[in-house]
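Please read the points below next to the sequence and the model.

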Amino acid sequence: AYKDIATPSRTKEILKKHGFSLKKSLGQNFIVEPNILANIVDAAALDKETNVIEVGPGIGALTEVLARASKKVVAFEIDDRLIPVLADTLSPYENVEIVHQDILQANLAKTLEASGVDVDERLMVVANLPYYITTPILLHLLEAPLLIDGLVVMMQKEVAERITAAPGSKAYGSLSIAVQYRMQAEVAFIVPKTVFVPQPNVDSAIIKLTRREKPAVSVKNEAFFFEVVRSAFVQRRKTLWNNLLIHFGKDDQTRERLTAALAEANIDPKRRGETLSLEEFARLADCLNDKKL
Ligand code: SAM
């Protein structure tokens, strides 16, 4: 057996050996607690029939645990200084492919195919995300033309709360809806700062997203549904009515159509966006769509 990378002493040794200094601007907070990694692997229910996409392998702490538990790991790392480090630390594992690329620029389907991954097999994303771009990464993964079965990812606790929020709560917004439309979302664990080197300023959480068999609500036009959702949260303090006017226009014809659509959808224009459920947003978007807005 090999010594785990994710211990304070081994991590220190690896950083020293390669003369590596952590970059805050790349969200480099490395995990130095093997138990957290075991919990992550459990939450993702990995097995030898499952392939894994990892974002930001760092020095490979999570990557090696994923490699042991899954069929194949394809890990995207932006920092060129880490590529030789990973080649060293992950040399015992044959089922790991390190891709030196910004995940946001990556064509996931193409890269997986080039790595010999059969995209019809179970596919999970497992990562300790760089916190400065958590939301863009999640949206990039969810919008990729690739059927990801689920994600188990570490992020800032506050973002985890927004993603899993229910209607009516302060954290509920367009991000909650963008994720919950396709995925069932739950917070799996809260993670203390002490498991990272260096310790981040914020609390962390691991969330688990599981793809729904079909979207949470059915809508006539998906792009328009998301447009309506985003418009309702542009100014959180304002009523739905005011946000819709700002987005669609304030002329008389638009006002008439908005009024009719809201009445048809049975939604009080004086409510705020944060009180509407996914079902209500779907109904509203379909009625607005029918009125040619
Ligand atoms: N997986 C390691 C761990 O858990 O110890 C490191 C996680 S660290 C929070 C985030 C990692 O993401 C860093 O290695 C960082 O260099 C990398 N990273 C930052 N921005 C990235 C991007 N746009 N694409 C790919 N990797 C990125």
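1. Basis. Residues are numbered from 1 along each chain as its sequence is written. The model is predicted: local features need pLDDT of at least 70, side-chain atom pairs count only at pLDDT 80 or more, and totals for chains, interfaces and linings use all residues.

2. Overall figures. The protein has 12 helices and 9 strands; helices (H or I, at least four residues) and strands (E, at least two) are DSSP runs, numbered from the N terminus. Its C-alpha trace spans about 70 × 40 × 30 Å along the principal axes. Of the 293 residues, 38% are buried. A residue is buried if 20 or more other C-beta atoms lie within 10 Å of its own, exposed if 12 or fewer, and partly exposed in between, with C-beta atoms placed from the backbone. Among contacts with a separation of 6 or more, 68% come from residues 24 or more positions apart; two residues are in contact if their C-beta atoms, placed from the backbone, lie within 7 Å.

3. An unreviewed UniProt entry places "domain: Ribosomal RNA adenine methylase transferase N-terminal" at residues 36-213. UniProt positions are given in the numbering used here, feature names are shortened, and annotations may be inferred rather than shown by experiment. In the model this span is 32% helix and 28% strand, and its end C-alpha atoms lie 29 Å apart.

4. Ligand shell. Which residues come nearest to the ligand? Of the 23 residues around the ligand, they are Phe30, Gly56, Gly58, Asn128 and Pro130. Strand E1 (30-31), helix H3 (61-69) and strand E3 (72-77) each give two or more residues to this shell. A residue is near a molecule or strand if its C-beta atom, placed from the backbone, lies within 6 Å of it. By type, the shell has 14 nonpolar, 6 polar and 3 charged residues. Here Ala, Val, Leu, Ile, Met, Phe, Trp, Tyr, Cys and Pro count as nonpolar, Asp, Glu, Lys and Arg as charged, and the others, Gly among them, as polar.

5. The unreviewed UniProt entry lists Asn29, Ile31, Gly56, Glu77, Asp102 and Asn128 as "binding site". Isoleucine 31 sits in strand E1 and counts as buried because it has 24 C-beta neighbours inside 10 Å. Leaving out residues up to four places away in sequence, its contacts include Ala6, Leu62, Asn128 and Phe196. Glutamate 77 belongs to strand E3 and is buried because 25 other C-beta atoms lie within 10 Å. Beyond four places in sequence, the contacts of glutamate 77 include Gly56, Pro57, Leu86 and His100.

6. Strand E3. In E3, 6 of its 6 residues are buried. Lys72, Val74 and Phe76 point one way, while Val73, Ala75 and Glu77 point the other way. Where do the partners of E3 lie? E2 (residues 50-55) runs parallel to E3 and is joined to it by 5 bridges; two strands pair if DSSP finds at least two bridges between them. Valine 52 has valine 73 as its bridge partner in E3. The chain goes from E2 through H3 to E3 in a right-handed β-α-β crossover. A crossover is right-handed if, with the strands pointing away from the viewer, the path from the first strand over the helix to the second runs clockwise.7. Second crossover. E3 also pairs with strand E4 (residues 96-100), in the parallel sense and over 5 bridges. The bridge partner of phenylalanine 76 in E4 is valine 99. E3, helix H4 (residues 82-89) and E4 make a right-handed β-α-β unit.

7. Helix H1. This helix (residues 8-17) is hardly covered, with 1 buried residue among its 10 residues. Just after H1, glycine 19 takes a positive phi of about 60°.

8. Two further residues. Is histidine 140 buried or partly exposed? Histidine 140, in helix H6 (residues 134-143), is partly exposed because 16 other C-beta atoms lie within 10 Å. Histidine 140 touches Ile103 and Leu104, residues up to four places away in sequence not being counted. Arginine 237, in the loop between helix H9 (222-232) and helix H10 (240-248), counts as exposed because it has 8 C-beta neighbours inside 10 Å. The C-alpha atoms of arginine 237 and lysine 110 are separated by 43 Å.
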